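Here's a quick briefing to read with the structure open beside you.

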Amino acid sequence: MILRQATAADVPQIGQLFYDTITQVNSRDYSLAQVEAWRGGWQNTAGWEEKVAAQHFLVAEAPDGSLSGFGSLCPTTGLLDFLFVSAHCQGQGIARQLVQALLGHATALGLTAVHTEASLTARPFFAHCGFQQVQEQQPIIRGVALTNFRMVKPLAVPPLSTPL
Ligand SMILES: CC(C)(COP(=O)(O)OP(=O)(O)OC[C@H]1O[C@@H](n2cnc3c(N)ncnc32)[C@H](O)[C@@H]1OP(=O)(O)O)[C@@H](O)C(=O)NCCC(=O)NCCS
């Protein structure tokens, strides 16, 4: 498995993985109406291409070329926007590797914190990674309320080099 920068060519697989993971994994924690509302944008090719171009957008690629997961960071706001791992690849450390790479990129950019809107499903994972819950939210997506949690992780600021 390798991590690499996503390209526009990955968008069909990214959308499919998003749809499948919400359907097969998040459905443990959300109702069918919530699942349908959340996954509704999976075929929005232009929307995905925009995210791939604007964000630090990584994919985890299996040796056969299929995608095992993806994650993204908005470099201007520090929002860890997407984090999805295929239903077949859960619990193999893929999200941990994606988050480590995204946090490393955020630190290199000089960001002092990263935040996310964690799903019910992902909240324990983010807590395990050192994110702290700030508040519960009920955003309305396509007319349906979807519970999530704003979580924040402060980043260690590299020490300034001391002039000789
Ligand atoms: C949350 C999610 C990304 C985790 O992906 P994953 O690849 O299975 O997680 P990992 O295998 O990398 O887990 C890393 C660590 O977190 C821990 N962890 C993962 N899920 C956990 C959970 N639900 N509860 C407690 N710990 C958890 C693992 O035990 C592991 O611990 P370790 O580092 O000590 O070995 C995955 O379940 C997912 O895709 N969920 C659905 C999509 C989703 O909700 N995304 C977030 C949208 S905001």
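Is glutamine 137 buried or exposed? Glutamine 137 counts as buried, because its relative accessible area is 18%, under the 20% cut-off. Keep in mind that this is a predicted model.

**Glutamine 137**

- You'll find glutamine 137 in strand 6, which covers residues 132–137.
- Its side chain makes a polar contact with the side chain of glutamate 117, at 2.3 Å.
- Setting aside residues up to four places away in sequence, glutamine 137 touches Glu117, Leu146, Thr147, Asn148, Phe149 and Arg150.

**Lysine 153, a charge without a salt bridge**

- Lysine 153 sits in strand 9, residues 148–154.
- This lysine is buried, yet it has no salt bridge.
- What the side chain of lysine 153 does reach is the backbone oxygen of cysteine 129, at 3.0 Å.
- Beyond its neighbours within four places in sequence, lysine 153 is in contact with Leu103, Ala113, Val114, Cys129, Gly130 and Phe131.

**Salt bridges**

- Side chains of opposite charge can pair when their charged atoms come close.
- How many salt bridges are there? The count comes to five, and here are some of them.
- Arginine 4 and aspartate 10 meet through their side chains in a salt bridge, with 2.8 Å from N to O.
- Arginine 4 is partly exposed because its relative accessibility is 23%, whereas aspartate 10, at 7%, counts as buried.
- Arginine 4 also forms a salt bridge with glutamate 61, where the closest N and O atoms are 3.0 Å apart.
- Glutamate 61 has 18% relative accessibility, so it counts as buried.
- Lysine 51 and aspartate 81 make another salt bridge, again through their side chains, at 2.8 Å from N to O.
- Lysine 51 belongs to helix 3 (residues 45–54) and aspartate 81 to strand 4 (residues 79–85), so this pair ties together parts that are 30 residues apart in sequence.
- Lysine 51 is partly exposed, with a relative accessible area of 30%, and aspartate 81 is partly exposed too, at 25% relative accessibility.
- As for how the bridges connect, shared partners join Arg4, Asp10 and Glu61 into one network.

**The ligand**

- Which residues are closest to the ligand? Leu83, Gln90, Gly91, Gly93 and Ser119 are the closest of the 21 residues that surround it.
- Glycine 91 places a polar backbone atom 2.7 Å from an oxygen atom of the ligand.
- Alanine 95 also comes in with its backbone: one of its N or O atoms there lies 3.1 Å from a ligand oxygen atom.
- Arginine 96 uses its side chain instead, with an N or O atom 2.8 Å from an oxygen atom of the ligand.
- On its own the ligand has 940 Å² of accessible area, and the protein covers 74% of that.

Definitions and conventions: Residues are numbered from 1 along each chain as its sequence is written. This is a predicted model: local features need pLDDT of at least 70, side-chain atom pairs count only at pLDDT 80 or more; totals for chains, interfaces and linings use all residues. Side-chain values use heavy atoms; hydrogens and water are left out. Helices (H or I, at least four residues) and strands (E, at least two) are DSSP runs, numbered from the N terminus. Buried means under 20% relative accessible area, exposed over 50%, partly exposed in between (1.4 Å probe, protein chains only). Lys and Arg count as positive and Asp and Glu as negative; His and the chain ends are not counted. A salt bridge is a side-chain nitrogen of Lys or Arg within 4 Å of a carboxyl oxygen of Asp or Glu. A polar contact is a pair of N or O atoms within 3.5 Å; within protein, one must be able to donate a hydrogen and the other to accept it, and residues adjacent in sequence count only if both atoms are side-chain atoms. Contact means heavy atoms within 4.5 Å. A residue is near a molecule or strand if one of its heavy atoms lies within 4 Å of it. Accessible areas come from the Shrake-Rupley method with a 1.4 Å probe; for residues, only the protein chains shown count as cover.
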